[in-house]
Amino acid sequence: MHRHFARLFTTRSWSCVLLLGLLLAVFHGPAFGTEEAKEPTEASASPEERQEVSPAPDFGEFSSLLDRHKVQLSREMAQIRREIAALRDDMARPGIKEVFAGVGYILGLAGVAFYMHARRERLSLRKKSDSTIDGNPS
Amino acid sequence: MHISDGVLPPSVTVGTAAVALLFAAWSARRTDPDDLPKIAVVSSAFFVASLIHVPIGPTSVHLLIPGVVGILLGRSAFIAVCLGVVLQSLLFQFGGITAIGANACMMGIPALISGWLFRSMRGPSLPRLILAGATAGGLGIVLAVVGLALLLVTGGEDFLGVAKLAMYAHLPVLFIESAIAAFTVSFLFRVKPELLDMSFQAHAAR
């Protein structure tokens, strides 16, 4: 019996226990954590809101903040629009891909022309040889 | 220097396409099949040369090399130019698809003329050959500009105005192409003179 217990507490069993513990921590830890974390944030957010709402609303400051945001956003939008235009320009410009495609087309067409020429030559040679055989029935 | 879609009236578009087809058929018939690899290489060079931009002022113009094509290919030049123009229009969006005929005429006929000029001007000595090459290379551009102006006149433009503008824009290209043609001719004369002779001999035989 003692030996059995001793075997139970070998390194493998310890590692199993550790793993179980880890699993527990992983699956339950965050849940507990978030629940715990949510409560304080809610608790801390509400006083802030109350603080913001409670004084008289400063519309001038608000509108100036919004204006500043608007200017910044429009500036960023303009920058992005410029970048898109540049990108479109770059994409419209033919690159190495088109060059290779064209050269490939040209070489391929030259190959087809070569084939036609060779075929014509071969046929004419065959005709010639046929006619010489017909012409000299030795 | 490419004509876009919708610039030329339909009658001119159809007419130039017919002329280009006629020239292409004639050029193909006069082509020696043994010259095919050379034609392929020169067509590729013509096709790619339009990507080499020469910056001048706010805009840039690109190389055209009709003169060099004419010098190297003689009568086969037109078919090479046709192929190059078709592929430029399809792959690079240089020039409209309906204006392929006009563009082929605008580049191909100067190529033929400069090839003919080179053949009649060249002499056995290297300086004479270089002079002929440079003249033919420059003439290709001048004739292409004249062709452009002639074609645009049918679209309702003023001939002298277009010709002057295009000529000024292409002056650097003219000099560069003269230099390229002269260098090509002198280099080939020293390295592989039969490349210059072959097409002309083939033409003489036909």
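Start with chain A, and keep in mind that you're looking at a predicted model. Colour chain A by burial next: of its 138 residues, buried ones make up 5%.

Now hop over to chain B and select B:Ser43. You'll find B:Ser43 in helix H2, which covers residues 36-49 of chain B. Is B:Ser43 buried or exposed? Its relative accessibility is 1%, and the cut-off for buried is under 20%, so B:Ser43 counts as buried. Show what surrounds it: leaving out residues up to four places away in sequence, B:Ser43 touches A:Ile106 from chain A and B:Ala80 from chain B.

Next, pick B:Ile56, in strand S1 (residues 53-56) of chain B. B:Ile56 is partly exposed, at a relative accessible area of 22%. Beyond four places in sequence, the residues B:Ile56 touches are B:Val61, B:Ala169 and B:Pro172. While you're here, draw a C-alpha to C-alpha distance from B:Ile56 to B:Val173: the two are 9.8 Å apart in space, yet 117 residues apart in sequence.

Time for the inside. Which residues have the most contacts within the largest nonpolar core? Select B:Met1, B:Ile3, B:Val69, B:Leu73 and B:Met107; the core itself has 55 residues. Several elements of chain B give two or more residues to this core, among them helix H1 (10-29), helix H4 (77-92) and helix H5 (100-121). H6 of chain B gives the largest share, 10 residues.

Zoom in on B:Val69. Setting aside its neighbours within four places in sequence, B:Val69 is in contact with B:Val42, B:Phe46, B:Gly74, B:Ala77, B:Ala80 and B:Val81. There's also a second, separate core of 9 residues, including A:Ala110, B:Phe47, B:Leu87 and B:Phe92.

Last stop, back out on the surface. Select B:Val146, B:Leu150, B:Val153, B:Phe159 and B:Leu160: together they form a nonpolar patch with about 410 Å² of accessible area. Helix H6 (126-154) and helix H7 (159-191) of chain B each supply at least two residues of the patch, and H6 of chain B has the largest share, with 3 residues. To finish, click on B:Leu150, which sits in helix H6 of chain B.

Conventions
Residues are numbered from 1 along each chain as its sequence is written. Chains are lettered from A and ligands numbered from 1 in the order in which they are written. This is a predicted model: local features need pLDDT of at least 70, side-chain atom pairs count only at pLDDT 80 or more; totals for chains, interfaces and linings use all residues. Side-chain values use heavy atoms; hydrogens and water are left out. Buried means under 20% relative accessible area, exposed over 50%, partly exposed in between (1.4 Å probe, protein chains only). Helices (H or I, at least four residues) and strands (E, at least two) are DSSP runs, numbered from the N terminus. Contact means heavy atoms within 4.5 Å. Patches are made of residues with over 30% relative accessible area and no salt bridge: like charges are joined within 9 Å, nonpolar side chains (Val, Leu, Ile, Met, Phe, Trp, Tyr) within 5 Å. Accessible areas come from the Shrake-Rupley method with a 1.4 Å probe; for residues, only the protein chains shown count as cover. A salt bridge is a side-chain nitrogen of Lys or Arg within 4 Å of a carboxyl oxygen of Asp or Glu. A nonpolar core is a set of buried Ala, Val, Leu, Ile, Met, Phe, Trp, Tyr and Cys residues joined through side-chain atoms within 4.5 Å.
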